[in-house]
Protein chains: 2
Amino acid sequence: MVPRSEDERPTLEDVAAFAGVSRSTASRALNDDAYVSARSREKVLAAARDLGYSPNQAARSLVTRRTGAIAVVLSEPEARLLDDPYRTAVMRAGYRELADVGCQMVLLFSDTREDLGRTVRFLEGGHVDGVLVFAPHRADPLPRALRLLKLPTVFGGQAADLRRGVHLVDFDNEGGARRAVTHLVESGRRRIATIAGPQDQGAPIDRLAGWRKTLVDAGIDPAGLSEEADFTLAGGAKAMAALLARVPGLDAVFVGSDMMAVGALRTLSDAGRDVPGDVAVVSFDDNAALAPAMTPPLTSVHQDPREQVHAMVSTLMRLLDGEDVAPGAQILPVSLVVRESS
Amino acid sequence: MVPRSEDERPTLEDVAAFAGVSRSTASRALNDDAYVSARSREKVLAAARDLGYSPNQAARSLVTRRTGAIAVVLSEPEARLLDDPYRTAVMRAGYRELADVGCQMVLLFSDTREDLGRTVRFLEGGHVDGVLVFAPHRADPLPRALRLLKLPTVFGGQAADLRRGVHLVDFDNEGGARRAVTHLVESGRRRIATIAGPQDQGAPIDRLAGWRKTLVDAGIDPAGLSEEADFTLAGGAKAMAALLARVPGLDAVFVGSDMMAVGALRTLSDAGRDVPGDVAVVSFDDNAALAPAMTPPLTSVHQDPREQVHAMVSTLMRLLDGEDVAPGAQILPVSLVVRESS
DNA sequence: GGAGTATCCGGGAGCGCTCCCGGCCGGACG
DNA sequence: CGTCCGGCCGGGAGCGCTCCCGGATACTCC
């Protein structure tokens with residue numbers, strides 16, 4: 001055998017030669033297949049260790065047709081993304097959950113039109129085995145594009161107009177909103193405003209709907225009591241100011257995310273309103289770094305991104321295993337964590 | 001030729017057959033090599049388009065020994081990561097800058113010990129051509145591990161004990177801090193406290209040093225005027241409270257990051273201190289979503305993550321091209337953006 | 001004792017691509 | 001007119017791996 005130069009990475013063939021077995025046996029030992037004697041396995045493992053062998057993934061995936069990588073697509077405008085700690089939590093959770101099933105995460109950001117082309121081109125390049133798509137928004141061309149390439153895909157959060165026939169995991173946004181607003185109604189609040197997130201995404205739409213329906217059910221007219229913002233701190237602050245100007249007598253506000261609630265709290269404090277004395281505040285997300293850390297600590301609807309991602313990953317894995325999973329939405333429950341702000 | 005089933009992805013061979021040329025010519029046309037007639041090129045391109053061909057990356061990188069993917073490693077504890085918008089900005093910038101040079105970003109989070117093993121195993125798997133490492137902390141075993149695999153690597157921000165001989169791009173943290181504190185001194189402040197970031201990372205250490213030296217130069221004793229926090233909002237709030245308790249008469253505070261400044265502002269407001277009347281506040285990062293959005297808008301040291309990432313990527317690309325780039329630190333300038341908080 | 005079976009192993013094919021090499025043209029040049 | 005050279009093209013090898021298949025051996029069972 002030609003001695004291989006020092007700085008080149010050893011191949012399976014090298015390991016086999018070193019262990020005194022055939023390439024096939026080495027492969028079997030490394031992938032712990034059956035039908036390898038304990039002795040051979042031992043030798044191969046030792047050889048691999050000694051040579052510092054690690055398999056060439058390109059070669060492997062060329063024949064297995066599996067890359068071991070999953071794309072996580074964040075289809076969201078940059079400003080929202082940067083300011084929303086929930087997204088960061090999602091990325092992190094995605095990384096962990098995928099690592100747990102032995103997959104690598106490849107993050108794709110896709111909001112501008114040129115991103116879309118790049119994203120699609122990448123996905124059809126066969127770099128990944130499957131896709132997790134978060135927070136697609138209305139008129140987002142990505143879902144349709146994904147349907148064309150037939151990559152296994154699971155959505156996290158629905159676009160307003162997402163078609164049937166997809167796999168999707170979401171939280172019970174409307175139910176969470178109802179619970180939050182019911183809590184406010186039951187504690188005697190009557191002029192309950194809301195700061196809703198961007199109405200081109202499913203979650204904010206559902207939360208707004210939950211707020212509206214609960215008010216109507218309680219015999220309260222929701223007209224003029226809602227304001228839309230963009231999930232950022234500054235957006236929340238501005239929306240709160242607008243609400244105060246329009247409805248000076250409001251006694252509660254349901255805010256569509258923790259980050260916007262931080263902004264709303266600031267505006268309320270600037271305006272001299274006491275929370276919860278004058279105005280009760282309830283938000284959504286229950287972010288561990290934000291909700292409990294505010295003054296006063298925020299009552300918030302709790303949703304755990306890891307739970308969502310976990311469900312998405314496990315559905316995706318079943319899809320990859322060729323299981324015939326019926327498409328449809330899996331709705332995860334949320335709970336209300338009551339703190340001092342309400 | 002055996003007719004290939006409909007749902008299989010077409011190969012280069014298919015494209016060649018369809019175009020009536022050889023596989024070699026098809027390859028040349030697609031990779032726009034020289035020595036292909038315009039006619040052949042035309043036909044190949046049309047065939048590729050018609051068949052919906054996209055090259056198999058595994059096969060390509062098996063022979064080229066290039067994957068076109070770059071790992072971005074965030075070596076930071078989870079809590080910090082989640083609450084620090086600067087990190088999100090870095091991820092985003094990394095994605096963009098890498099996309100601009102035709103590379104894919106593979107994000108790796110690496111803070112726990114088990115992460116390290118996973119990270120190293122992944123990197124030596126040959127999945128990526130190079131690595132960008134952000135914010136390694138003191139005693140982080142990652143840099144040493146990276147040195148062993150000889151993957152081209154560029155660091156963003158230095159660990160306290162990072163060895164010589166690495167490629168690194170960082171901001172002028174100490175200079176930025178000096179500028180911020182000088183600004184406070186010149187506007188007549190004397191009791192200038194600081195809330196420093198975690199002292200196991202280079203940036204917070206340098207910022208603290210800049211604060212200290214500037215005070216000493218101005219004849220002010222820094223003793224008892226500093227508090228360490230963890231880059232989170234809650235941490236900033238707590239540190240501010242501790243400072244107020246210890247030094248009730250402080251008239252300014254230099255905060256090591258925007259997010260911590262948000263927390264400090266809240267504590268100051270809760271304590272009835274007027275900003276900037278009683279206490280001037282200057283922070284670091286100048287995050288677009290935070291600094292200008294606070295009440296009052298924050299004076300902050302401006303640093304642009306894209307600039308840092310751009311420099312890192314361009315160094316890495318030169319490394320990948322086999323250029324013999326001299327190792328060393330590239331220090332980027334920062335500037336002070338003065339707003340109402342000081 | 002021969003047929004059948006379970007265990008273990010090696011050889012060979014082939015995944016889809018790039019790249020090298022050699023062959024074939026046609027035009028320029030002595 | 002023969003030679004040479006540059007543009008253009010096809011065939012083949014080979015990247016490092018997995019997987020199939022057939023051979024070898026040992027062991028069981030009628």
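A residue is near a molecule or strand if its C-beta atom, placed from the backbone, lies within 6 Å of it. With that cut-off, 25 residues lie around DNA strand C, and Ser22(A), Thr25(A), Thr11(B), Leu12(B) and Ala59(B) come nearest. The structure here is a predicted model, in which local features need pLDDT of at least 70, side-chain atom pairs count only at pLDDT 80 or more, and totals for chains, interfaces and linings use all residues. Residues are numbered from 1 along each chain as its sequence is written, while chains are lettered from A and ligands numbered from 1 in the order in which they are written.

Helices (H or I, at least four residues) and strands (E, at least two) are DSSP runs, numbered from the N terminus. Nonpolar residues are Ala, Val, Leu, Ile, Met, Phe, Trp, Tyr, Cys and Pro; charged ones are Asp, Glu, Lys and Arg; the others, Gly among them, count as polar.

**Around the DNA**

- The top contributor to the surface near DNA strand C is α4(B), with five residues.
- By class, that surface near DNA strand C holds 10 nonpolar, 11 polar and four charged residues.
- DNA strand D also has 25 residues around it, and the nearest are Thr11(A), Leu12(A), Ala59(A), Ser22(B) and Thr25(B).
- Two or more residues each are given to the surface near DNA strand D by α1 (12-19), α2 (23-30) and α4 (57-64) of chain A, and by α2 (23-30) and α4 (57-64) of chain B.
- Here α4(A) gives the most to the surface, with five residues, and the classes come to 10 nonpolar, 11 polar and four charged.

**Where the chains meet**

- Counting two residues as in contact if their C-beta atoms, placed from the backbone, lie within 7 Å, 41 residues of chain A touch 40 residues of chain B.
- On the chain A side, α4, α5 (78-83), α6 (85-100), β2 (104-109), α7 (113-124), α11 (233-246) and α12 each supply at least two residues.
- The largest share of that side, six residues, comes from α6(A).
- The side of chain A that touches chain B divides into 21 nonpolar, 13 polar and seven charged residues.

**The parallel sheet of chain A**

- Two strands pair if DSSP finds at least two bridges between them.
- One open sheet of six strands in chain A has the order β2-β1-β3-β4-β5-β11, with parallel pairing.
- Its edges are β2 and β11 (328-332) of chain A; each has a single partner strand, so one side of each is left without a neighbour in the sheet.
- The twist averages 20° from one strand to the next.
- Strands β1 (residues 69-74) and β3 (residues 130-134) of chain A run parallel and are joined by five bridges, with Ala71(A) opposite Val131(A).
- Helix α7(A) lies across β1, β2 and β3 of chain A and runs at about 155° to β2(A); angles run from 0 to 180 degrees between N-to-C directions, and axes are lines fitted to C-alpha atoms, for helices over the stretch in contact.

**The mixed sheet of chain A**

- Another open sheet of six strands in chain A has the order β7-β6-β8-β9-β10-β12, with mixed pairing.
- At its edges stand β7 (226-228) and β12 (335-337) of chain A, each with a single partner strand, so one side of each lacks a neighbour in the sheet.
- Direction ignored, neighbouring strands of this sheet are turned by 20° against each other on average.
- Strands β9 (residues 280-285) and β10 (residues 299-302) of chain A run parallel and share four bridges; Ser283(A) stands opposite Ser300(A).
- Helix α10 (residues 202-217) of chain A lies across β6 (192-196), β7, β8 (252-255) and β9 of chain A, at about 170° to β6(A).
- Helix α12 (residues 258-270) of chain A packs on the sheet too, touching β6, β8, β9 and β10 of chain A, and its direction makes about 155° with that of β9(A).

**Strand pairs in chain B**

- Four bridges join β9 (residues 280-285) to β10 (residues 299-302) of chain B, which run parallel, and Val282(B) has Thr299(B) as its bridge partner.
- β10(B) pairs with β12 (residues 335-337) of chain B in the antiparallel sense over three bridges, and Val301(B) has Leu336(B) as its bridge partner there.
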